[in-house]
Amino acid sequence: MARRPRIKQPLIVNGVEVRDIEMLRDNFDVDTLIDYAFDGKLAKWLRDRYYDDEADEIESLEKDDPDLEDRMYDIFQVDPPMSEEEIAWRNERLAKLKEYTTDEEILERVDDVAFDQQDLSDLIDDDVEEIFLCGGRFTIPLKVENKTYIGIGDAVAVIRSTVPIDFDDLNIHFKDIRFNSAYEKISPQSDDGEPADSLYSRGMAALNVKDYGEARKLLERAAMKNHREAIKEIAAIYSEGKGMKPNPEKAFKWLLKAAEQGSKSSMNKVASMYERGVGVKKDIEKALYWYRASAKMTAEEPAAAPATSGEVKVAPPTPQAAPPPPPPVAEESKSAVSHNEIIIDGNTARVTTKVINKTGVHSHPAYNFVQTAGKYKSKIQILAKGRKCDGKSILMVMSLGLAYGTEMTIYAEGPDAPAAVETLRDLVDDGFGEE
């Protein structure tokens, strides 16, 4: 006997049949919902759709609560409409902001803009993390950490200190903004005239004798002048926690800078951090972008670019002319044996096959491959088109761009290498279950 569907009545709000909580937010009418709250319909509607937490809060409301409307907005996470006075105030600020910028993204964030010190104080009290400073001078409270200040117009960040401040330790960042002249003279970000190569050499000397504090200071100064090797070293210091606790956020910042300058190893590390959400918010699209950028580069590292005290415009990495071929499989050691087309040599195994599914290795086949590879203890790699990648990373597998007919070698090293290779070969030969 067929199951008879349970009828779940919609709510009618603003003439719309509301069937889920997102539709309710889009058609929110506080008076209508208050009526539904006290005749029992709203709580029933919520429970029918398993919004039990919201239903509990609705059932706890009292008609004589002076904050009843505010509570309704809070329960459904809806911003209350602005009053005429608030609209006029916001429009006035918007008109003022348009005198400085036409950037739509900034205009949409007018509520996060400070035009004077009072505005800055209010935004800090509201715990806004990214604050725009528009024109004028703003005294930055150094006791308030975890802030990013972005300048609009000729804004000046006033730093009341007679010694250089390590803003990274406070997680305070500045963008498109200059410091007051007194602090600018002592700022480590100002150009002290010492060449980047000299700073790098002194920093490495300090690092070799484990004077990590001095090494970090010197290498960071060189890195600020875009010295590529210094950038990688300072990233390693923060990543490995040399002389301090590891700081993945700062490590990511410097690795990203190195990646943008064309460092292949840094590209892979940035991609991995995006993929795993380490030191940065997880972002699969950006991870895939950097894996692909790394895959285009065949040399481990390009030659170090000359240091410069100015900013460097980074060109996208370009592929080299002749990528190295994968390791040869024809000549094996005397201990190697053939087993169903699989070459086994000690604790390694490999097999060469072809992609047979017409759509190639897109996200679904890559997912199946990685899930299968993850069941084995052995290290798994794919070698194809002159490149290799980690066979347990879906993004790296996708970055190879394995189309129909592409020849690929599956390589495994570890205690269960033969079994891993055989299973993965069978998966590929079966079209990843798609054919």
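Student: Which residues in α14 meet residues in α15?

Tutor: This is a predicted model, in which local features need pLDDT of at least 70, side-chain atom pairs count only at pLDDT 80 or more, and totals for chains, interfaces and linings use all residues. Residues are numbered from 1 along each chain as its sequence is written, and side-chain values use heavy atoms, with hydrogens and water left out. Helices (H or I, at least four residues) and strands (E, at least two) are DSSP runs, numbered from the N terminus. Contact means heavy atoms within 4.5 Å. On the α14 side, Pro248, Phe252, Leu255, Leu256, Ala258 and Ala259 take part, and they meet Ser266, Met267, Lys269, Val270, Met273 and Tyr274 in α15. By class, this contact of α14 with α15 has 10 nonpolar, one polar and one charged residues. In that division, Ala, Val, Leu, Ile, Met, Phe, Trp, Tyr, Cys and Pro count as nonpolar, Asp, Glu, Lys and Arg as charged, and the others, Gly among them, as polar.

Student: At what angle do the axes of α14 and α15 cross?

Tutor: Two packed helices are described by the angle between their axes and the distance between the axes. The axes are lines fitted to C-alpha atoms, for helices over the stretch in contact, and angles run from 0 to 180 degrees between N-to-C directions. Helix α14 (residues 248-260) and helix α15 (residues 264-276) have axes that cross at roughly 135 degrees and come within 8 Å. That angle makes α14 oblique to α15. Angles under 35 degrees count as roughly parallel, over 145 as roughly antiparallel, 65 to 115 as roughly perpendicular and the rest as oblique.

Student: Is the crossing of α14 and α15 left-handed or right-handed?

Tutor: A crossing is left-handed if the near helix is turned anticlockwise from the far one by less than a right angle, and right-handed if clockwise. For α14 and α15 the crossing is left-handed.

Student: How do α17 and α19 pack?

Tutor: Helix α17 (residues 363-373) and helix α19 (residues 417-429) have axes 10 Å apart and pack at an angle of about 165 degrees. With that angle, α17 is roughly antiparallel to α19. The crossing of α17 past α19 is right-handed. Asn368, Phe369, Thr372 and Ala373 in α17 meet Thr423, Leu424, Leu427 and Val428 in α19. The residues of this contact divide into five nonpolar, three polar and no charged.

Student: Let us turn to charged pairs. How many salt bridges are counted?

Tutor: Side chains of opposite charge can pair when their charged atoms come close. A salt bridge is a side-chain nitrogen of Lys or Arg within 4 Å of a carboxyl oxygen of Asp or Glu. By this rule the count comes to 17 salt bridges.

Student: Which residues are linked with Arg47 in a network of salt bridges?

Tutor: Asp52, Asp56 and Glu59 are linked with Arg47 in such a network. Arginine 47 meets aspartate 56 at 2.5 Å, N to O. The side chain of glutamate 59 also meets arginine 47 in a salt bridge, at 2.8 Å, N to O. This pair links distant parts of the chain, with glutamate 59 in helix α4 (residues 52-59) and arginine 47 in helix α3 (residues 41-48), 12 residues apart. Buried means under 20% relative accessible area, exposed over 50%, and partly exposed in between (1.4 Å probe, protein chains only). Arginine 47 is partly exposed at 30%, aspartate 56 is partly exposed at 41%, and glutamate 59 is exposed at 53%.

Student: Is aspartate 168 buried or exposed, and which parts does its pair with lysine 253 tie together?

Tutor: Aspartate 168 is buried, with a relative accessible area of 12%. Its side chain meets that of lysine 253 in a salt bridge of 3.0 Å, N to O. Aspartate 168 lies in helix α9 (residues 167-170) and lysine 253 in helix α14, so the pair ties together parts that are 85 residues apart in sequence. Lysine 253 is partly exposed at 34%.

Student: What is the phi of asparagine 171?

Tutor: Most residues other than glycine have a negative phi, and most peptide bonds are trans. Asparagine 171 has a positive phi of about 55 degrees although it is not a glycine. Asparagine 171 lies in the loop between α9 and β8 (172-175).
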